[in-house]
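Thanks for asking me to look this one over. Here are my notes, point by point, to read alongside the structure.

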Amino acid sequence: NTDVGIIDGLSGIQQSVDDYPVDTISKRFRYDVALVATLMDLEEEILEGLKTHDLDDYLKGPFTVVIKESCDGMGDVSEKHGSGPAVPEKAVRFSFTLMSITVAHERGSARIFEESKPNSELCCKPLCLMLADESDHETLTAILSPLIAEREAMKNSALILYMAGIPRIFKFIFRGTGYDEKLVREVEGLEASGSTYICTLCDATRLEASQNLILHSVTRNHAENLERYEVWRSNPYHEAVDELRHRVKGVSAKPFIETVPSIDALHCDIGNAAEFYKIFQFEIGEVYKNPSPTKEERKR
C-alpha cells in the first residue's frame, strides 16, 4: 500500500499523526506550500538583500530561486526496543535546500540571498519521508511521482507571494544534484551498480572504462533515458535480450526524476588511477632517465 498523508505546511497538520490509516507508509508536504513557507522564513534576509544592493524594497521581481533537491536512504529505522519482534524497516527522505535568490532590475540582476552553508542539515528542508527501501523502484515511483508532477508544474509558472505587504513574483529553478550513485541509478531507470554499464554519466562498459582512463564525457541525459526505456519496453526491432540491452545501454526501468549530471565517484577514481599510473610509470619504470623512450621501452 502506498497511501501518502499530505501535510499542509502553512496551516499545520490537519489530523493527528495517530489519525492516519495504519498502512500509510509516507508523509509529505505539498511542494508549493513547503516552498512558500521557506520563502516566508527568509523574508527578512530577502528585504535586507534588496537594501544591501541599493534596490527599492518595494521591487516586485521577478525573483529567481534556485532549489537543490536531495534524496537518500536513511537505513534501518525499525523499532528496536519495543515489546514485539524487531521488524526491519527502511526509510527514504526527499528534501530540498534553497540555494540562492536573484532579482532582475533595471541595471541587470543582483543576488540578494545565498545560502552560506548549503550542506548543513539546518537549511535542508524535508519534503517527503517514506518507509520504503531505496531499491524499490515501484514504491519510490508511486510515492514521488505526484511530488515530481508538482515540481514540473512549478517550472513553467510563477508564484505571487506577499512580502512586506507587496505582491512579489517568484520563479523556480530546480537542480537535482543531491543524489548518490545508487539513487541516480534508481530514479533514472538504470541498472544497479553491478551492471556492465558502469557509468551513470556515459555509455561506457566496464571493459571500455578499464581501457580508457582519461577520455570520458557526459553523454547520458534524462530525455534520452526515457527514449531508451520506451525501446526497452516495446522492443520495436524484435531483438534478443542481450542485443536489446546493448541498444538501451543499461536502462531497464522508467526514469521518473531528472538529475543534474555531476562528477561521480567512478570518474574521480578513473582520474586518480590515471595520475597514479603516470607516477608509477615515471618512478618505478625510471622513465625520467630517458626523456623520449620508445613504445617498447614504455611497455617494459
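1. One cut-off first: a residue is called buried when its relative accessible area is under 20%, exposed when it is over 50%, and partly exposed in between. With that in mind, look at helix α1, residues 31-41: eight of its 11 residues are buried, so the rest of the structure largely encloses this helix. The buried set consists of Tyr 31, Val 33, Ala 34, Leu 35, Val 36, Ala 37, Thr 38 and Leu 39.

2. Please keep in mind that this is a predicted model. The protein chain has an average pLDDT of 83, and 79% of the residues reach at least 70. Confidence is highest in helix α6 (residues 222-234), at 95, and lowest in strand β1 (residues 4-7), where the mean is 59. Over residues 9-13 the pLDDT falls below 50, and this stretch has eight contacts in the model beyond near neighbours in sequence.

3. How many bridges link β3 with β4, and in which sense do they pair? There are 13 bridges, and the pairing with β4 (residues 90-105) is antiparallel.

4. Two positions to look at are Phe 63, which faces Phe 170 of β8, and Val 66, which sits opposite Ile 173 of β8.

5. Strand β8 has a further pairing, with β7 (residues 159-163): these two run antiparallel and are joined by five bridges. Tyr 162 is bridged to Pro 167 in β8. Together β7 and β8 make a hairpin with two residues between them, and in its turn Ala 164 has a positive phi of about 55 degrees.

6. Last, the surface. Which residues make up the nonpolar patch there? They are Met 74, Val 77, Leu 129 and Leu 131, and together they have about 320 Å² of accessible area. Leu 129 belongs to strand β6, residues 124-130. Is Leu 129 buried, exposed or partly exposed? Its relative accessibility is 43%, so Leu 129 counts as partly exposed.

Definitions and conventions:
Residues are numbered from 1 along each chain as its sequence is written. This is a predicted model: local features need pLDDT of at least 70, side-chain atom pairs count only at pLDDT 80 or more; totals for chains, interfaces and linings use all residues. Side-chain values use heavy atoms; hydrogens and water are left out. Buried means under 20% relative accessible area, exposed over 50%, partly exposed in between (1.4 Å probe, protein chains only). Helices (H or I, at least four residues) and strands (E, at least two) are DSSP runs, numbered from the N terminus. Two strands pair if DSSP finds at least two bridges between them. Patches are made of residues with over 30% relative accessible area and no salt bridge: like charges are joined within 9 Å, nonpolar side chains (Val, Leu, Ile, Met, Phe, Trp, Tyr) within 5 Å. Accessible areas come from the Shrake-Rupley method with a 1.4 Å probe; for residues, only the protein chains shown count as cover. A salt bridge is a side-chain nitrogen of Lys or Arg within 4 Å of a carboxyl oxygen of Asp or Glu. pLDDT is the predictor's confidence in each residue, from 0 to 100. Contact means heavy atoms within 4.5 Å.
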